[in-house]
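I opened this entry to keep track of what I looked up, in the order I looked it up.

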Amino acid sequence: MENGVGFFEGDFKSCFDTLSHDFILQQIKGFPLYGLVEKFLKAGYVDDNVFYSANEGTPQGGILSPLLANIALNGMEKVLNITYTENISKDEYVIYRTKGKYRMVRYADDFVIFAQNKEDIEEIYEILNPYLEDREIELAKDKTQITHITEGFDFLGFNFRRYQTKDGIIHLNKPSKDSIKQ
């Protein structure tokens with residue numbers, strides 16, 4: 001990957017199945033409905049008339065699962081030293097500026113981290129290890145990759161890529177091939 005914007009396309013291995021109950025519950029300690037959330041996590045499930053207890057993870061398709069995953073995954077920005085400052089534009093709109101060598105977008109268990117060079121992108125694996133261990137999750141090696149902006153990447157059903165044209169550089173966002181097939 002040449003210098004320029006690079007991407008760390010991340011995906012957690014079986015995220016909803018393996019999130020630590022203890023970690024989630026520690027994050028919501030003091031929440032008025034703590035006991036209800038604990039029961040939700042520990043409820044288990046029935047499959048083919050057999051009951052399975054739940055010692056980890058959040059119920060897939062459960063109404064609270066995306067929220068609990070976001071609670072558990074909160075803090076990735078801090079680990080990457082990403083900070084935000086609030087500014088007011090001349091039109092009095094609130095604008096958030098990002099500081100640090102990384103930028104990140106996360107939606108539930110899918111995320112993309114941006115950096116300006118290959119060395120910074122390659123450090124992400126090592127930076128994220130303690131963060132992942134605390135939550136008892138790991139990166140899905142088959143779905144996690146490093147790419148350059150000119151190669152493009154898929155995120156949440158869209159493809160993002162930079163192209164060189166006769167008129168200069170353009171950035172194009174379009175539905176991914178998989179989304180179109182579906």
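Entry 1, the chain as a whole. I began with burial: of the 182 residues in the chain, 35% are buried. I note here that the model is a predicted one. I then looked up the secondary structure and found seven helices and eleven strands. For the overall dimensions I took the C-alpha atoms along the principal axes, and they fill a box of roughly 65 × 40 × 35 Å.

How many salt bridges does the count come to? I get four. I started with Asp120 and Lys101, whose side chains meet in a salt bridge at 3.3 Å, N to O. Asp120 lies in helix α6 (residues 118–135), while Lys101 is in the loop between β5 (94–99) and β6 (103–107), so this pair ties together parts that are 19 residues apart in sequence. I checked the exposure of both partners. Asp120 has 12% relative accessibility and counts as buried, because the cut-off for buried is under 20%. Lys101 is partly exposed, with a relative accessible area of 43%.

Glu123 is in helix α6 and Lys101 in the loop between β5 and β6, so here the parts tied together are 22 residues apart in sequence. I list Glu123 as partly exposed, at a relative accessible area of 35%. Taken together, I record Lys101, Asp120 and Glu123 as linked in a network of salt bridges.

I also looked at Glu122 and Lys118. They form a salt bridge in which the closest N and O atoms are 3.9 Å apart. Why are Glu122 and Lys118 separated by about one helical turn? They are four residues apart in helix α6, and that spacing is about one helical turn. I find Glu122 partly exposed at 43% relative accessibility, and Lys118 partly exposed at 31%.

I count eight aromatic pairs in the structure. One of them joins Phe12 and Phe111; the pair is tilted, with 5.1 Å centre to centre and 35° between the planes. Phe12 lies in the loop between β1 (6–11) and α1 (15–18), and Phe111 lies in strand β7 (residues 110–115), so the pair ties together parts that are 99 residues apart in sequence.

I then looked up Tyr45 and Tyr52. Tyr45 counts as partly exposed at 47% relative accessibility, and Tyr52 counts as partly exposed at 35%. I also noted an aromatic cluster, which is formed by Phe7, Phe114, Phe153 and Phe160.

Which residues form the negative surface patch? I find Asp17, Asp22, Glu56 and Glu136. I took Asp22 for a closer look. It is found in helix α2 (residues 21–27). It has a relative accessible area of 58%, and since the cut-off for exposed is over 50%, I list Asp22 as exposed.

For the positive surface patch I find Arg161, Lys174, Lys177 and Lys181. Here I followed up Lys174. Its place is in strand β11 (residues 168–175).

Conventions: Residues are numbered from 1 along each chain as its sequence is written. This is a predicted model: local features need pLDDT of at least 70, side-chain atom pairs count only at pLDDT 80 or more; totals for chains, interfaces and linings use all residues. Side-chain values use heavy atoms; hydrogens and water are left out. Patches are made of residues with over 30% relative accessible area and no salt bridge: like charges are joined within 9 Å, nonpolar side chains (Val, Leu, Ile, Met, Phe, Trp, Tyr) within 5 Å. Accessible areas come from the Shrake-Rupley method with a 1.4 Å probe; for residues, only the protein chains shown count as cover. Lys and Arg count as positive and Asp and Glu as negative; His and the chain ends are not counted. The place of a charge is taken as NZ of Lys, CZ of Arg, CG of Asp or CD of Glu. Helices (H or I, at least four residues) and strands (E, at least two) are DSSP runs, numbered from the N terminus. Buried means under 20% relative accessible area, exposed over 50%, partly exposed in between (1.4 Å probe, protein chains only). Rings of Phe, Tyr and Trp (its six-membered ring) pair if their centres lie within 6.5 Å; planes under 30 degrees apart count as stacked, over 60 as edge-to-face and the rest as tilted.
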